[in-house]
Structures are given as structure tokens and as C-alpha cells.
Amino acid sequence: MKEFIDIAVSKTGIEGLLEVYVEDAEEPLHRDLALIEHLSIAFAPLQNAIA
């Protein structure tokens, strides 16, 4: 997740806390998780939120 977040921040220029959610999830994915391990075979869009 950290690499994904770093890329999103560098591409958007957004500064601050960036959180990534699997669609319809109530909690963001933890920064230390491997993103690929949390994507399902069925498409699940990711959403990011700026705090």
C-alpha cells in the first residue's frame, strides 16, 4: 500500500493523509499491506480519501 499511496501522492500533488479503501469497506487498507493480496478476482474498485 505504501508504494501505491506514494505514487498517488506524487501524481496528484496532494499533500496530507491519503487513505485507500476497497469499495464499500468501512475501514481503509493499512499502509503496510500488500495491495495485490486484498484485491479479489471479482473487480472491486479502490477509492481514496484525503483527510
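**A guided tour**

The mean pLDDT of the protein chain is 76, and 73% of its residues reach 70 or more. This is a predicted model, so confidence comes before detail. Where pLDDT is low, the predicted coordinates should not be read in detail. Among the elements of the chain, helix H1 has the highest mean pLDDT, 84. Strand S2, residues 46-50, has the lowest, at 62.

Now look inside. The largest nonpolar core has 8 residues. They are Met1, Ile5, Ala8, Leu18, Val20, Val22, Leu29 and Leu35. Helix H1 (2-12) and strand S1 (18-22) each supply at least two residues of this core. S1 gives the most, with 3 residues. In soluble globular proteins, nonpolar side chains tend to be buried together.

Ile5 is then in contact with Leu18, Val20 and Arg31.

Next, turn to charge. Side chains of opposite charge can pair when their charged atoms come close. The model has 1 salt bridge. The side chains of Asp6 and Lys2 meet in it, with 2.8 Å from N to O. Both residues lie in helix H1. They are 4 residues apart, about one turn of the helix.

Asp6 has 35% relative accessibility, so Asp6 counts as partly exposed. Lys2 has 41%, so Lys2 also counts as partly exposed.

Key: Residues are numbered from 1 along each chain as its sequence is written. This is a predicted model: local features need pLDDT of at least 70, side-chain atom pairs count only at pLDDT 80 or more; totals for chains, interfaces and linings use all residues. Side-chain values use heavy atoms; hydrogens and water are left out. A nonpolar core is a set of buried Ala, Val, Leu, Ile, Met, Phe, Trp, Tyr and Cys residues joined through side-chain atoms within 4.5 Å. Buried means under 20% relative accessible area, exposed over 50%, partly exposed in between (1.4 Å probe, protein chains only). Contact means heavy atoms within 4.5 Å. A salt bridge is a side-chain nitrogen of Lys or Arg within 4 Å of a carboxyl oxygen of Asp or Glu. pLDDT is the predictor's confidence in each residue, from 0 to 100. Lists of a residue's contacts leave out its neighbours within four places in sequence.
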